[in-house]
Amino acid sequence: MLPHLIGRPATRKRWPNGIDGPSFFVKEVESGIPVRLSRVLVAQLWGGRFFRTEPVERRIGDPVLGEPVCSVAGCDRAGDIRLLCRSHHHRWMAAGRPEMVEYVRSTSPQTLSAELNPGPQVLRPFDFRPVKGQLRLEWQYLLQCRYDEQRSRIEEDYFNRSVSFLGRSGAASTLDRPTERWLDDFYASTGWRNRRHYIDALWLSAERYLGDLLEPAGWDGEYPKDQWELRRLGFNTISRRLRFTGIPQPWLKELAKRYIKYRLTTGISLTQVYSTSRRSRVWLKQALSTGG
Ligand SMILES: [Zn+2]
């Protein structure tokens, strides 16, 4: 393991009433948890192929890390404005903004003047140099998760600003503070105003990926909760969950959980489980109101 990780502080966040309820950080953790997080992070990154280097290079056309390619056939520049490169976008506007499909079909990359086409384009890399140790592992892991899941493109600008902000904060781990507080501090210290939802989404995904590493995987971790994160039970979903919060009677809740677990573990599809649980709720409500 990495020697500089040993003995570093880490915290554990808990959601005693499900993820929509209040959460708190366990400051005096059971021994082994922070080490476990570091170990898991190192193991995850070691298994990955890409992100152990400091600046992570980005390629044009990479669906997650890079920019899309310009829509004009034969143009190899990044199409970051309406899927056109800056040069073709400029020409499209100069041509009076014709129908895009028509414009793309009738344009060739050779029509670019040397002035508008300044040669090969290099994208700015993801830069981990401002963070060290655990923090670096955490954000390398985030990038790797997003890449492995082929989720939506990550803006290098938002990512690098977040990383350098974290580096200035002096924190040891992203989990040291609640995400809302990080975001407040980020906006206050950077004066950032536009497109906040992209930054919010980036930080929330960091919280989710890292939080998942701390939670015991599978039924041991999820069953006692009033809300099950289905991805933690091995289902291929980012955010779907099953809530038992609407059942006030503990015995009934337990019964419902046992039943749903049985249905989930006998291999039926998620759609079926959802329709089953909806029907069960209706049935339970009726039974309760008539049974008194
Ligand atoms: Zn182009």
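The axes of helix H4 (residues 133-148) and helix H7 (residues 196-214) come within 10 Å and cross at roughly 100 degrees. Axes here are lines fitted to C-alpha atoms, for helices over the stretch in contact, and angles run from 0 to 180 degrees between N-to-C directions. H4 and H7 are therefore roughly perpendicular to each other (65 to 115 degrees; under 35 is roughly parallel, over 145 roughly antiparallel, the rest oblique). On the H4 side, the contact is made by Glu138, Tyr141, Leu142 and Cys145. H7 contributes Ser205, Ala206, Tyr209 and Leu210. Contact requires C-beta atoms, placed from the backbone, within 7 Å. By class, six residues of this contact are nonpolar, one is polar and one is charged. Ala, Val, Leu, Ile, Met, Phe, Trp, Tyr, Cys and Pro count as nonpolar, Asp, Glu, Lys and Arg as charged, and the others, Gly among them, as polar.

The model is predicted; local features need pLDDT of at least 70, side-chain atom pairs count only at pLDDT 80 or more, and totals for chains, interfaces and linings use all residues. Residues are numbered from 1 along each chain as its sequence is written. Helices (H or I, at least four residues) and strands (E, at least two) are DSSP runs, numbered from the N terminus.

H7 has 19 residues and reaches 27 Å from its first C-alpha to its last, close to the expected 27 Å (1.5 Å times one less than the number of residues). Ile199, Trp203, Ala206, Leu210, Gly211 and Leu214 of H7 are buried (20 or more other C-beta atoms within 10 Å of the residue's own; exposed, 12 or fewer; partly exposed, in between; C-beta atoms placed from the backbone). They cover an arc of only 120 degrees around the axis, which puts them on the same side of H7. The arc is that of the directions from the helix axis to the C-beta atoms.

Helix H5 (residues 156-169) and helix H6 (residues 179-190) pack at about 95 degrees, with their axes 11 Å apart. H5 and H6 are therefore roughly perpendicular to each other. Arg161, Ser162 and Phe165 in H5 meet Phe186, Ser189 and Thr190 in H6. This contact of H5 with H6 divides into two nonpolar, three polar and one charged residues.

Helix H9 (residues 250-265) has 16 residues and should span 22 Å; its end C-alpha atoms are 22 Å apart, which agrees. Gly267 follows H9, with a positive phi near 85 degrees.

Arg231 lies in the loop between strand E5 (227-229) and strand E6 (241-243). Arg231 has 16 C-beta neighbours inside 10 Å and so counts as partly exposed. The C-alpha atoms of Arg231 and Arg241 are separated by 8.2 Å, at 10 residues apart along the chain.

Key:
Two residues are in contact if their C-beta atoms, placed from the backbone, lie within 7 Å.
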